[in-house]
Amino acid sequence: MEEKLWKTAIKLRGSVEASEYKHIVLGLIFLKYAGDKFEQQQNKLISEGKEKYIDIPEFYSKDNIFFLPENTRWSYIIDNAKQDNITTILDTAFADIEKKNKSLRGALPSNYYTRLDLEKKKLTSLLDVINSIDTTDDTEQDIIGRVYEYFLGQFAIKEGKGKGEFYTPKSVVSLIAEIIEPYDGTIYDPCCGSGGMFVQSLKFIKSHQGNTKNVSVYGQENVSTTRKLALMNLAIRGISADLGKKAADTFFDDQHIDKRFDYIMANPPFNISDWREENELITDYRWNGYDVPPTSNANYAWILHILSKLSENGIGGIILANGSLNTSDTKEYNIRKTLIENNLIEAILVLPAKLFYSTNIPVTLWILNKNKKQRSIVKNNKIINFRDRKNEILFMDLRNFGSIYNKKFVELTQGDRDKIVNIIHTWQTEDYSSKYKDIPELCYSASIEEIREKEYKLAPSAYIEFKNNNEDEMDFDKEMTKLSQELSELLKEEVDSTNKLIKIMEDLNYEIQL
């Protein structure tokens, strides 16, 4: 079903830019989901003898279901799918749904389908495919949710390098959630994109028999269209979130300026230059006690922003480019040194290459913690006895982890994540002395004295022991199989491109001699 939807969406090529696919398709998927849930609730009311209440919005909103006027319901959309004014019907439907549901204000496309001037036949074909999705037994919003996730990922792959910033691969988000364990309290993402961090966090809680009602979700997104994706994505899952009053720059217009959070998960844009002017934000409270982050790169500005938003015992996971680990910029060096001396860095994990669809830049997961002292806490009805980790940082090199995904990319499997999380959690707790050990080429617990000797560098390779590998130790067959897969994919793409070029020239009555 996912692949069929994707192939249908690709047929829109020629009518619209590839960057528009996601807004067209995901908006319709939301409409289908909302319509099916409304119809289920309506039938339920009728079966309970409450037919006189079927047009009262409160009898839907009480069960976290959106009330839909008749002209916005999926059945009405499909009945009119072949009408010449179908795009107007769609735009009117989104507008009327927003009017009836306060929680969706500003979340849905506005006069979008009409101005795209879509070819009716292609749009009708797309509506037919989406109509074939069965959500009647979708008690956990899994069917639509999975399609939504699949499309977000495919759009990120399709848009390629420099695009698709709205999507963080699911296995990466899952790893962060499994490390920081956001069972209760407040979760925040200062650059939330399509809301994937929140979705995976709540999935983690459910999969561990936790209660999602114990969690409150907050976020912010700078791009208006991406913010709409997030609101729709969260609405589909029944997740209530406060994403601020509008799309806004987190540094210049913090939508949650007075709030502090227990858990923060973030994948900010990498290495953003000119994020402020030289004379801007010089005395900002977020830099108190630190050098002002340079205008040339926003990486350390994101770190300090996140630390400023953490509660007294807050913990956060942030994805950054590897260059942030050893940068020699004086201001960034001073900030890094102060972070280490203030005991705010828990762990540094270098991630495998090819995890991300939108960039080939090597990336690292930073785990930040406001309280590394010895203490006991209750999480999900279990007592956790943390040991004192002051003046220690755990380094991990995960470059050899992961499995090939979609022939081009890598994902961290559940087995990978279980191994990583077990090492971190063992290192954090009283079991450390008997169960944790440094492992060459994988992990090392460094003291602050060692880090000072290394001039506050945070690259795991500066601390973890690496053996001198030779050809005999290399899994030659594995490496060659991987290389052959990549070459096959490249050659297929070359053949496709060549055939397309030949076809274009033939259409122009020119012949290409090969």
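In helix α9, K170, V173, S174, I176, A177 and E178 meet G196, M197, Q200, S201 and F204 of helix α10, where contact means heavy atoms within 4.5 Å. The model is predicted, so local features need pLDDT of at least 70 and side-chain atom pairs count only at pLDDT 80 or more, while totals for chains, interfaces and linings use all residues. Residues are numbered from 1 along each chain as its sequence is written, and side-chain values use heavy atoms, with hydrogens and water left out.

**Helices α9 and α10**

- Helix α9 spans residues 170–180 and helix α10 residues 196–207, and the two pack at an angle of about 55 degrees with their axes 9 Å apart.
- That angle makes α9 oblique to α10; angles under 35 degrees count as roughly parallel, over 145 as roughly antiparallel, 65 to 115 as roughly perpendicular and the rest as oblique.
- Axes are lines fitted to C-alpha atoms, for helices over the stretch in contact, and angles run from 0 to 180 degrees between N-to-C directions.
- Helices (H or I, at least four residues) and strands (E, at least two) are DSSP runs, numbered from the N terminus.

- S174 lies in helix α9 and is buried, with a relative accessible area of 9%; buried means under 20% relative accessible area, exposed over 50%, and partly exposed in between (1.4 Å probe, protein chains only).
- Leaving aside neighbours within four places in sequence, S174 is in contact with Q200 and R417.
- S174 and Q414 are 240 residues apart in sequence, and their C-alpha atoms are 9.0 Å apart in space.
- R417 belongs to helix α14 (residues 414–428) and is buried, at a relative accessible area of 9%.
- Not counting residues up to four places away in sequence, R417 touches S171, S174, L175, E178 and L412.

**Helices α12 and α13**

- Helix α12 (residues 299–309) packs with helix α13 (residues 330–341) at an angle of about 30 degrees, their axes being 11 Å apart.
- The two helices are therefore roughly parallel to each other.
- Y300, I303, L304 and L307 of α12 make the contact with E332, I335, R336 and L339 of α13.
- This contact has six nonpolar, no polar and two charged residues.

**Nonpolar cores**

- The largest nonpolar core has 112 residues, of which F30, F151, L349 and M396 touch the most other members; such a core is a set of buried Ala, Val, Leu, Ile, Met, Phe, Trp, Tyr and Cys residues joined through side-chain atoms within 4.5 Å.
- Helix α2 (residues 21–47) gives the most to this core, with twelve residues.
- A second, separate core of 43 residues includes Y290, L325, F395 and A459.

**Residues with positive phi**

- L281, a residue other than glycine, has a positive phi near 55 degrees; L281 lies in the loop between β4 (261–266) and α12.
- Y456 has a positive phi near 65 degrees and is found in the loop between α16 (448–453) and α17 (476–507).
- L281 is buried at a relative accessible area of 19%, and Y456 is buried at 8%.

Definitions and conventions
Nonpolar A, V, L, I, M, F, W, Y, C, P; charged D, E, K, R; others polar.
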